[in-house]
There are 4 protein chains.
Amino acid sequence: MTKPDRYILTITCPDTIGLVAAVSGFLRDQSCFIDESAQFGDPSTMRFFMRAVFTRGANSTDITSIKSAFSRVAHPFAMQWQMVSWHDKSRIVIAVSKFGHCLNDLLHRWKAGQLAVDVAAVVSNHDDMRSLVEWHGIPYHFSPVGPAGKAEQERKLLTVVEQTEAELLVLARYMQVLSPEACAKLAGRCINIHHSFLPSFKGARPYQQAFDRGVKIIGATAHYTTANLDEGPIIDQAVERVDHTHSAASLVAVGRDLENVVLARAVRYHAERRVLVNGSKTVVFK
Amino acid sequence: MTKPDRYILTITCPDTIGLVAAVSGFLRDQSCFIDESAQFGDPSTMRFFMRAVFTRGANSTDITSIKSAFSRVAHPFAMQWQMVSWHDKSRIVIAVSKFGHCLNDLLHRWKAGQLAVDVAAVVSNHDDMRSLVEWHGIPYHFSPVGPAGKAEQERKLLTVVEQTEAELLVLARYMQVLSPEACAKLAGRCINIHHSFLPSFKGARPYQQAFDRGVKIIGATAHYTTANLDEGPIIDQAVERVDHTHSAASLVAVGRDLENVVLARAVRYHAERRVLVNGSKTVVFK
Amino acid sequence: MTKPDRYILTITCPDTIGLVAAVSGFLRDQSCFIDESAQFGDPSTMRFFMRAVFTRGANSTDITSIKSAFSRVAHPFAMQWQMVSWHDKSRIVIAVSKFGHCLNDLLHRWKAGQLAVDVAAVVSNHDDMRSLVEWHGIPYHFSPVGPAGKAEQERKLLTVVEQTEAELLVLARYMQVLSPEACAKLAGRCINIHHSFLPSFKGARPYQQAFDRGVKIIGATAHYTTANLDEGPIIDQAVERVDHTHSAASLVAVGRDLENVVLARAVRYHAERRVLVNGSKTVVFK
Amino acid sequence: MTKPDRYILTITCPDTIGLVAAVSGFLRDQSCFIDESAQFGDPSTMRFFMRAVFTRGANSTDITSIKSAFSRVAHPFAMQWQMVSWHDKSRIVIAVSKFGHCLNDLLHRWKAGQLAVDVAAVVSNHDDMRSLVEWHGIPYHFSPVGPAGKAEQERKLLTVVEQTEAELLVLARYMQVLSPEACAKLAGRCINIHHSFLPSFKGARPYQQAFDRGVKIIGATAHYTTANLDEGPIIDQAVERVDHTHSAASLVAVGRDLENVVLARAVRYHAERRVLVNGSKTVVFK
């Protein structure tokens, strides 16, 4: 059985009349079948967002011609758009420090075929996760913060991202803060998992903060990194109920399960081109 | 400030190429702006579902002409469709027995302008809720199961629905089972709240069943009624965690809050034309 | 059938060896049956918290003698304790402004016998809720912020609390901030519902703040009021998932259901003596 | 720093007056400090359940003497009881078929020190998970259903449980049904994860059943196995919201995360002696 010849089209542009008609009319004229599509017009910013999954039909031309034709549709609407094969996997690099639960979870999903990405490399400022990563057959870059300092260490991380041509950097409990330059370079291409329900408990030791405040529900947040720490566009969040019997340590244990699930979802949404950035927020077509 | 001249269009038909293009192209050609739209092609049944909210523009013709023109678009695709004013409220009749929490909740939302329906009447086989209903200025039809039997009582209920020209009957903890004939007559127009997480615990005393089984989570389910009791298309569900300390009575108390929320959501979704029936299931465009 | 002669005993004291033995041994010696009991030793503060529900037996002495005897048990442990009849209802006063959903919800629960409190009065700085409250047969005190200013208006509110001998003041979407003096006077006796998932979005317009931040889950928080606004001990929280399609207004609508449920739970927990304050946090024996 | 000399005491017996007093008085008399304790009297069965965690003090006798003395306290109340060291880890055997997510999750938690068990062996009717298990340094018993049939294969599984002296068998997506004899032998010592929100969708292919029924929430259930398939005492459940866009395959993907979390919790509760069986239900002291 051959794979369907399927593509994902994503679009962002100013909202106006006739946008859906232009896109869907184009696909019909190209003899393409729309498998899935979703769109959203944000009335507060008058921006339009769309994601469509379509399959080329027997009478369709090749994808290069389709792209070329679509650029003529897109131009008058000032669309920013992408058209990628459904079968092209996002190349990702994962950064981790000492806590390996998110890494282990991502690698298991990847190995079991549940996460449509290629894991190009894992980078860490500790050597603890080497065995796990190498058992999966993935290169492990141990890059401690040495005498040359954090800037040098970050440079090495970015070099791995560049050399692997990774499209996405996943900070899977990576305990180093990226510089504003790195954040700018990786804008919309770097996902962090923060172990609190943002905007509560930004910064260090969020579970201790949650314990001290006595909240009755804790959470985890996956977001794109920006120069303002823990302020980037939120992709997904999850929460769990806790009570007075939870110590800070047991909040950590509850939180790990949230971190796993939320980060894996965010990576999947990104890889499936379901996330479109809308200023400091996101549109997520689930 | 005048209200926007806004309409809701809902469509169900066999899935094929060009459907979104046909609808959105039509709306563009009519100078209508799409405020919201969502569509879904069910690959398991090859049925297509769509809901669009649009606003007539300065250059649009009147709505009667738009409807007439759309019927020509709809015909070749064998669309079942509706185009109703955003401002037209669904007329509903509520049936209740002795437990008034769902009724009170619906009436409060309605009175506070949070539920875009007109409550035409309340029907009950008990007289307990008369004062509450009449305080809201709504006619109360007390119709006990008398010597003439249940059929006669149901006939009276249906008469109220007909005479008020209600579009929807809401069974808000109404403890009488409708006859298959009534279910057929009200297909897709009668919403029931069942006090369990269906398909668990169908039939009578679901909280007692949940207690006996020792479940750790309970739920409530809003569904369209069908001749097969508690088997109708599910519109929404909600759940809450419980534990061994909950008696059957305290499950009832927890469940009431679920019932309120789930029934109110289902009625709102229905009133806003967000629910399309898909065989024994529903498509809900939230 | 006579009611069981049942009492609720709550205790807070420094943690040490033999506390549970002292209390449970006392109850056994008094021929009392323990229906429910829960205790918690906080290792971070070394404080002990206990709640026991017990029923006097055929051989028990009267409750006055039991209390007197228990004071001799309590003294060496420096216990702060209360022993109240299970059947004594908490007298409460409810304060409300223009949004009536929490008020309506509390009154319905009370009327239906689901909330073991006596509602002594409702106070408001608006007249909107008079009809609802009076339909329930409860005195309504309309006390707008007049030329005499907010201090005078607060004085009137506190007068109602005093004259009704209310044990608890419930701020059910009351949009006036209490003075530090009032908070001190009502310490542990005033519950507020804040319409966000604290500590996120303190202060004004939390749903707008949540919308602006683009969170994927919103919440509501019931807490005891303190002089530090929105910083008081949290009693309960609840959350609901939202997405990019929610406007600030639709977040408000989703949040209302959370506010209802969370506030009603907090009032019930308080009325059933399930909440013990632990510094800036709470112990809640559910 | 030496470990605290800490023990877990669990008790089940008929409910009567003086039980808590007897146990807590005993511990005080033995100079033991109660770190945690919880108890529950089930009014529907008049059974009493208790779990206490205590630390031997400087003046306490040795644990053998404490146990011996406690048996004299326990006898008149007909208590079934256990007193085990807090530091003794439960030995477990994990059975798996082809889906490795629960296995991977349990092994990661174990390796990271988050699950206080000793994994003695993994048994499978497939060879797929060998590499993962052996990387963790755990014996892998590949035992396919051969010509000798299922009875023979089950015998091998039980032999591993016996020879490893495992206290608990965890069915981590093990697709073979245990015989009634095996269930009887392992009563209260075998935990299964069922991939539905029981009692909905018992038996085979629950996600397909959920898809066919069109439920809006799916779940997973961890329970002790009994001869009646999927009817054993429920230990924990979890749920997640889904909608019409989920295919049966995507329900499977959502469900995997639920299965991981629920099974891990159930194993942890069991290992920490938090679960007491109450007829066909459980008491879980969280």
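Contact is taken to mean heavy atoms within 4.5 Å, and helices (H or I, at least four residues) and strands (E, at least two) are DSSP runs numbered from the N terminus. The model is predicted, so that local features need pLDDT of at least 70 and side-chain atom pairs count only at pLDDT 80 or more, while totals for chains, interfaces and linings use all residues. Residues are numbered from 1 along each chain as its sequence is written, chains are lettered from A and ligands numbered from 1 in the order in which they are written, and side-chain values use heavy atoms, without hydrogens and water.

In chain D, helix α3 (residues 101–111) lies across strands β5, β6 (117–124), β8 and β9 (190–194), at about 155° to β6(D). Angles run from 0 to 180 degrees between N-to-C directions, and axes are lines fitted to C-alpha atoms, for helices over the stretch in contact.

An open sheet of 7 strands in chain D has mixed pairing and the order β7-β6-β5-β8-β9-β10-β11. Its edges are β7 (140–142) and β11 (234–241), each with a single partner strand, so one side of each has no neighbour in the sheet. The twist from one strand to the next averages 20°. Strands pair if DSSP finds at least two bridges between them; β5 (residues 90–96) and β8 (residues 168–171) of chain D do so in the parallel sense over 4 bridges. D:L168 in β8(D) is the residue opposite D:I92.

Helices α1 (residues 19–29) and α2 (residues 63–74) of chain D pack at about 155°, with axes 11 Å apart. D:A22, D:V23 and D:F26 of α1(D) make the contact with D:I66, D:A69, D:F70 and D:V73 of α2(D).
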